[in-house]
Amino acid sequence: MNQSEEYLLAIESSCDETAAAVITRDMRILSNVVSSQTRLHEKFGGVVPEIASRAHLERILPVIDDALKQAEITLDQLTAVAVATEPGLVGSLLIGLTAAKTLALTLEIPLIAVNHIEGHLFACQMQEDHPLFPAIGLVVSGGHTNLYHCSETLQFDLIGATIDDAAGEAFDKVAKILGLTYPGGPSIQKAAVQGNPKAFPFPRTFIKDPELRFSFSGLKTAVLYEALGNPGAKKQPPPLTEDRIADLAASFQATVVDVLVAKCHQALTQYDYSTLCVGGGVAANALLRERLEAMTTQSGFHLSIAPPDLCTDNAAMAAIAWHHLDQGRIASLDLDVKPGLVR
């Protein structure tokens, strides 16, 4: 390694992934280690906060150590340490913040606070050779389905969000209804391959609404009634065969994608922007990527979707911290977390 090169250690623990990465000043990812907690939460069909925070406590130091080893650097070579402090689960965020503070204090290097959602959007910039912003940003994940007006690299203003379930949350809940595995995104996508996306005309809530907002709770309920029946109804649905599960999965997935694509087009038009950035776990969905590509190509927009390995929670997307450092945005050691969801 070049002894004069600058290295950023980034830490991510906002939900159920314990992650650490080393990124150079010129945005090269030297390591990006992620320890998944999927097996711990799958029997519950969603993330259990207490289990998540305990797992972070056990894994944070080994993950950081692995990131440094893979990058082939030592602690004394670090220029700064960045950590996601918002939004997320309070216990999980505190584990990462405590580790980052300890490193910043003992190594006497800058501590930089990173917004997890902004990191998802910045992941798009990391694959581009030209500035992306200003742009419209869509973050679509297990906790968030938000649209942002991104006027510049460090200025992300919320312009639209879900009023209930996030798209990723709906994927998880529908997967449980259909008896598919957790997490729901990959299992529904796999089941949908053999299904008919037009088999069930599920509600596309707010798709023509002039406001930039989403709602997936009604869609989830519609799938529930179609799959398992309504206790008060006289007519009940047929058994959940493999073919019926495939059709339900395909129809549900197509409905979510239709809404997301329509709202992105609406936001681009309303704000007269030519670039769309998309990040978050659901952005790895193949149908969504295909449909967004088609929409932006047809309408003359530029699309930048985070690469699949940077869509789900990871620490490399915290490379946005270099821009914070350049602007002197260094956090003090009394820094605290800001848990919760952004709505």
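Author: Start at Glu-72, in the loop between α2 and β4. The model is predicted.

Reader: Why does Glu-72 count as exposed?

Author: Its relative accessible area is 58%. Exposed means over 50%. Glu-72 passes that mark, so it counts as exposed.

Reader: What makes the phi of Glu-72 worth a remark?

Author: The angle is positive, about 60°, and Glu-72 is not a glycine. Most residues other than glycine have a negative phi.

Reader: What is the phi of Asp-272, and where is this residue placed?

Author: Asp-272 has a positive phi of about 55°, and it is not a glycine either. Its place is the loop between α8 and β10 (275–279).

Reader: How do you know whether Asp-272 is buried or exposed?

Author: Relative accessibility is 68% for Asp-272. The cut-off for exposed is over 50%. Asp-272 is therefore exposed.

Reader: Which residue just after α3 takes a positive phi?

Author: That is Glu-108, at about 55°.

Reader: How do you know that the span of α3 is close to what is expected?

Author: Helix α3 (residues 90–107) has 18 residues. The expected span is 1.5 Å times one less than that number of residues, and for α3 it comes to 26 Å. From first C-alpha to last, the helix reaches 26 Å.

Reader: Which residues of α3 are buried, and what covers them?

Author: The buried ones include Leu-93, Ile-95, Leu-97 and Leu-103. Their cover includes β1 (7–12), α2 (49–71), β4 (78–86) and β5 (111–115).

Reader: Why is Thr-85 called buried?

Author: Its relative accessible area is 3%. Buried means under 20%. Thr-85 falls below that limit, so it is buried. This residue lies in strand β4. Beyond its neighbours within four places in sequence, Thr-85 touches Leu-93, Leu-97, Ala-113 and Val-114, among others. Leu-335, Asp-336, Val-337 and Lys-338 are also among its contacts.

Reader: What makes up the largest nonpolar core?

Author: It holds 82 residues. Those with the most contacts inside it include Val-140, Phe-216, Phe-252 and Leu-292. Helix α8 (residues 242–270) gives the most to this core, with 13 residues. Another core lies apart from it, with 28 residues, among them Tyr-7, Val-22, Val-63 and Ile-95. In soluble globular proteins, nonpolar side chains tend to be buried together.

Reader: With which residues is Leu-292 in contact, leaving aside its neighbours within four places in sequence?

Author: Val-261, Cys-264, Leu-276, Val-278, Leu-303 and Ile-305.

Reader: Which residues make the nonpolar surface patch?

Author: Leu-224, Tyr-225 and Leu-228 make it, over about 260 Å². Leu-224 is in helix α7 (residues 217–228). At 30% relative accessibility, Leu-224 counts as partly exposed.

Reader: How do you know that Glu-50 forms a salt bridge with Arg-54?

Author: Their closest N and O atoms are 2.9 Å apart. The limit is within 4 Å. The pair meets that limit. Both residues lie in helix α2, 4 residues apart, about one turn of the helix. Glu-50 is partly exposed at 46%, whereas Arg-54 is exposed at 54%.

Reader: What separates Asp-65 and Lys-69 in helix α2?

Author: They are 4 residues apart, which means about one helical turn. Residues three or four places apart in an α-helix point the same way. The side chains of Asp-65 and Lys-69 meet in a salt bridge, 3.1 Å from N to O. Asp-65 is partly exposed, at 33%. Lys-69 is exposed, at 57%.

Reader: Why is Asp-165 called buried?

Author: Its relative accessible area is 7%. The limit is under 20%, so Asp-165 counts as buried. Its side chain meets that of Lys-173 in a salt bridge, 3.5 Å from N to O. Lys-173 is partly exposed, at 32%. Shared partners join Asp-165, Glu-169, Lys-173 and Lys-220 into one network of salt bridges.

Reader: How many salt bridges does a search of the whole structure find?

Author: The search finds 13.

Conventions. Residues are numbered from 1 along each chain as its sequence is written. This is a predicted model: local features need pLDDT of at least 70, side-chain atom pairs count only at pLDDT 80 or more; totals for chains, interfaces and linings use all residues. Side-chain values use heavy atoms; hydrogens and water are left out. Patches are made of residues with over 30% relative accessible area and no salt bridge: like charges are joined within 9 Å, nonpolar side chains (Val, Leu, Ile, Met, Phe, Trp, Tyr) within 5 Å. Accessible areas come from the Shrake-Rupley method with a 1.4 Å probe; for residues, only the protein chains shown count as cover. Helices (H or I, at least four residues) and strands (E, at least two) are DSSP runs, numbered from the N terminus. Buried means under 20% relative accessible area, exposed over 50%, partly exposed in between (1.4 Å probe, protein chains only). A nonpolar core is a set of buried Ala, Val, Leu, Ile, Met, Phe, Trp, Tyr and Cys residues joined through side-chain atoms within 4.5 Å. Contact means heavy atoms within 4.5 Å.
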